[in-house]
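I set down each item as I looked it up.

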Amino acid sequence: MLLVIPVTIEIAVPLKVNPTAFLIPEVFAANLGGTASLIGDPPNLLIGSYAKLSFVDFLANLGGIVLVCLLVSAIYYFFWYRPVYRRVFDLDFGRTLDFLKREYRIRDQWLLVTSLIILAAVLALFLVHHLLGMPPAVAALVGAISLLALSRQDIASILEKEVEWPTLLFLIALFILIEGTRASGVTQTVADRVAQIAQGNVLLALTLVLWLAVLASCLVETVAFTAAMLPIVSHLTGTIPGAETGVLWWALALGASLGGNGTLMGAAANVVTVGLAEKAGYRISFLEYSKSCFIPMVITVLLAMAYLVAAF
Amino acid sequence: MRKVFPLIGVTFLLLVGNVTGFAATSEPGDRLTVAGMIKSPQGKGVKEVEVVVRLDGQPLKAAESEEITTGKHGGFVAEFILPAGVLPDARVEVTAHKPAWRDLPRTPLKVLEAGVDRHGNRRFQASQTFTLYRQLTPAFWLATGILLLVYLIIAAEIMHRTLAALLGAALILFISYTAGTFDKNYFILSFADAIAAIDMNVIFLLMGMMIIVGVLKKTGLFQWLAYKSYAMARGNVFILSCILMLVTAVASAFLDNVTTMLLMIPVTIEIAVTLKINPISLLIPEVFASNVGGTATLIGDPPNILIGSYAKLSFVDFVLNLTLIVAICMAVSLIYYVYWYKKDYLKAEVKDVGRTLEYLRKEYRITDKKLLILSLGMLAFTIFLFIVHGVLHMEPSIAALTGAMVLLTVSRGNIVEMLEREVEWPTLVFFMALFIVVAGAEETGLIQAIAEGVADMSRGSLPLAIMLIVWVSALASAAIDNIPFTATMLPIVAYLNTTIPGAESGVLWWSLALGACFGGNGTMIGASANVVTVGLAEKAGYPISFLYYLKACLVPMLLTVALASAYLLLFY
């Protein structure tokens with residue numbers, strides 16, 4: 001989103017459209033698209049690392065449903081913002097195109113080529129990492145370090161400016177907290193409770209996990225909630241008959257990622273977008289955000305649920 | 001070890017019993033329980049060894065899991081169901097396999113009858129300890145090569161040291177998961193072991209202390225201290241430098257070296273700026289002093305903590321045996337550095353002492369009294385926790401983090417600003433990566449090879465053993481890291497203590513302590529205090545190159561180690 005927002009605003013301004021009409025569908029799509037892969041979304045990273053699921057597992061199990069959801073939401077937003085988009089069609093495209101061509105150039109071609117090649121290599125490693133038994137972290141680390149070594153970037157400034165340490169430390173501290181609840185037995189109590197409610201029924205457990213994840217992502221922090229759910233879902237996957245397929249992991253992934261679309265603070269991308277839009281002079285209120293996003297969120301979650309029930 | 005093993009066994013059986021208890025008991029047949037320990041020649045348990053139990057040559061499948069592997073302390077236990085009546089006549093053998101180790105040849109087991117279980121099945125038991133020897137596989141050469149490569153890159157300054165170490169770590173993991181997947185002889189280090197090798201205690205300790213120092217910086221305390229020390233020395237840099245070294249050495253004896261340096265560095269830089277000299281000429285003697293001073297006590301330096309807890313030596317033992325030589329070495333290095341940096345010190349601006357003092361008194365004031373009291377209070381509390389950490393079994397990092405977080409909460413400090421500005425991430429990441437690279441060399445047998453070499457060569461002669469231990473540990477800790485080296489040497493020294501006549505006085509423990517601690521002074525990466533100092537100096541705009549560090553520190557390091565070996569030979 002950090003890359004797309006400035007471009008979107010620059011496009012919208014000459015078109016004399018409120019950029020919000022583009023930005024909100026974009027964030028929605030970003031959250032949706034991220035759901036499909038291991039590295040697309042922080043909750044998926046957590047789930048993949050905890051449950052030892054591979055990049056391909058994610059793509060194979062979630063790719064289809066994410067595509068369907070994306071299509072549905074594209075149609076939805078097209079209708080929702082139709083009055084806004086309509087006003088644009090009679091404007092001159094040539095001038096905007098010219099402007100963009102001049103403003104957005106590749107600044108360092110060699111760096112671009114190196115980065116793209118290494119990115120491709122890392123993606124290739126992601127595709128085969130489970131065959132090699134290589135943890136995804138190794139693939140990413142190897143990619144980042146070889147890129148740094150080749151491009152002769154200053155590692156000290158990258159570590160100090162580009163790496164989001166407060167977020168990483170937030171995660172580290174969170175893991176310690178959650179391990180504390182696990183070690184002292186809180187998690188097992190909750191998991192037993194959920195299992196009790198589900199009464200060994202996978203369908204019920206699946207619905208519970210999915211909607212709990214959605215609810216929590218809308219209201220609390222997606223990442224915190226997902227991390228707390230990991231041991232619970234692991235426990236459930238081991239005890240409920242029929243859950244061995246890992247369907248509960250996918251329910252958690254879909255719920256956490258899709259639910260993030262529901263409110264302004266549901267996902268990090270939302271917060272960033274609203275922040276940047278406000279900086280550019282376009283305020284998006286909490287209510288406005290919820291109005292345009294809550295309904296398609298519910299639609300996608302329903303689709304996801306139907307998919308999980310049908311496919312597993 | 002003997003205490004730990006049954007505990008693991010019981011836990012394992014409980015776990016297994018829960019999951020497969022029903023299946024295992026319903027099937028009729030003889031029950032065979034095999035338990036054992038797999039140890040290195042030094043008597044340390046070897047983890048993650050694949051164990052195969054064979055019955056008349058045929059591998060047996062365990063009742064509860066497909067593979068039998070040893071746990072963290074080298075123990076394993078497995079239960080088998082055999083056709084009734086096979087035992088006790090059949091031949092039961094054990095083989096074991098681990099990458100970078102020689103395969104355990106088929107070893108026969110003595111099977112004992114242990115009665116009948118409640119379903120009427122006969123029970124048999126066997127337990128034994130096995131010794132596994134190292135094998136130098138390609139992984140060993142790769143890991144050693146990567147370690148050397150990292151040093152070379154750092155020494156030649158081809159890249160930033162953090163990048164060099166990260167590159168080494170990435171290379172080790174990449175080879176392990178590509179070539180190592182197809183041929184176990186190329187497998188260096190597993191991801192889980194790499195993560196476990198990162199000593200989070202060091203990382204969090206540094207982070208916590210950096211935050212506390214970051215808050216302290218805002219109060220103007222360090223400037224005020226600089227003014228005070230300037231006033232005390234009346235502008236005489238030589239005296240000032242001596243005072244700084246002594247303060248550092250004494251503080252290091254009771255605090256972690258890194259903590260001491262983190263507190264000293266801001267003051268020193270302020271002093272150097274007022275005197276208009278290069279702070280490096282004050283900083284390097286200080287680090288040296290902190291490594292030397294830390295040697296005198298049980299808690300001063302990590303190798304001492306290891307030795308003390310392994311050999312059951314007390315705080316007083318350390319003070320009695322080491323203080324004298326540490327004091328001598330301190331005096332020698334003081335003189336050395338005053339000469340070494342004479343030119344730099346002479347450049348200092350000491351013209352108008354009175355006026356400068358007047359100016360400093362006005363300029364270098366405490367700017368925020370309330371914050372100062374708060375942060376000094378928290379610092380005192382943290383240091384108090386450091387001192388009693390042995391009683392509470394509290395890791396120093398917990399003390400530092402608690403102090404830092406309470407301070408930030410109480411003073412309403414900005415954590416994001418602290419994390420982004422005050423915490424020296426390149427240094428912390430350097431530590432993490434270096435831990436992984438060293439773990440790769442350790443896992444494939446480098447440190448064990450050195451340790452075995454020392455034991456082989458010194459057999460029988462006490463003076464030779466003393467010399468070897470002092471010098472090998474000095475060179476090893478200059479090059480690698482003194483913590484894993486000391487840990488590996490502990491059982492060897494304990495063994496030598498019992499076999500060499502005259503070693504009962506524990507002199508070899510002191511050899512190990514002096515060698516490992518003094519040796520850390522040899523290179524920029526020999527001790528954590530060095531790395532931190534270089535990192536912070538770089539951040540303040542005074543980069544120190546690997547070679548410069550080596551030039552300034554190698555000679556006095558060799559001098560102190562030579563003094564130490566002379567002392568040991570004379571007095572024991």
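Before the first entry I needed one term: two strands count as paired if DSSP finds at least two bridges between them. I also note that this is a predicted model.

**Entry 1: around β9 of chain B**

I began with strand β8 (residues 112–116) of chain B and β9(B), which run antiparallel and are joined by three bridges. By the cut-off of at least two bridges, they therefore pair. Within this pairing, I found V116(B) opposite R122(B) in β9(B). I then looked at the connection and recorded a hairpin, with five residues between β8(B) and β9(B). In its turn, G120(B) has a positive phi of about 85 degrees.

Next I asked which strand pairs with β9(B) in the parallel sense. I found strand β1 (residues 30–39) of chain B, with nine bridges to β9(B), which spans residues 122–131. As one position in β9(B), I noted S127(B), the bridge partner of A35(B).

**Entry 2: around β6 of chain B**

I turned to strand β6 (residues 92–97) of chain B and followed its side chains, which alternate. V92(B), V94(B) and A96(B) point to one face and are buried.

Strand β2 (residues 50–55) of chain B pairs with β6(B) in the antiparallel sense over six bridges. Here T95(B) is the bridge partner of V52(B). Strand β7 (residues 104–108) of chain B also pairs with β6(B) in the antiparallel sense, over three bridges. In that pairing, A96(B) stands opposite L104(B). β6(B) and β7(B) form a hairpin with six residues between them. I noted that A100(B), in the turn, has a positive phi of about 75 degrees.

K52(A) has a phi near 55 degrees, a positive value in a residue other than glycine. I located K52(A) in the loop between α3 (42–51) and α4 (55–80) of chain A.

K276(B) also is not a glycine, and its phi is positive, about 55 degrees. This residue lies in the loop between α9 (257–275) and α10 (280–294) of chain B.

Are these lysines buried or exposed? K52(A) counts as exposed because it has 10 C-beta neighbours inside 10 Å, and the cut-off for exposed is 12 or fewer. K276(B) has 10 other C-beta atoms within 10 Å, so K276(B) is exposed too.

Definitions and conventions:
Residues numbered from 1 in each chain as written. Chains lettered and ligands numbered in written order. Predicted model: local features only at pLDDT ≥ 70, side-chain atom pairs only at ≥ 80, totals over all residues. Helix = DSSP H or I, 4+ residues; strand = E, 2+ residues; numbered from the N terminus. Buried ≥ 20, exposed ≤ 12 C-beta atoms within 10 Å, placed from the backbone.
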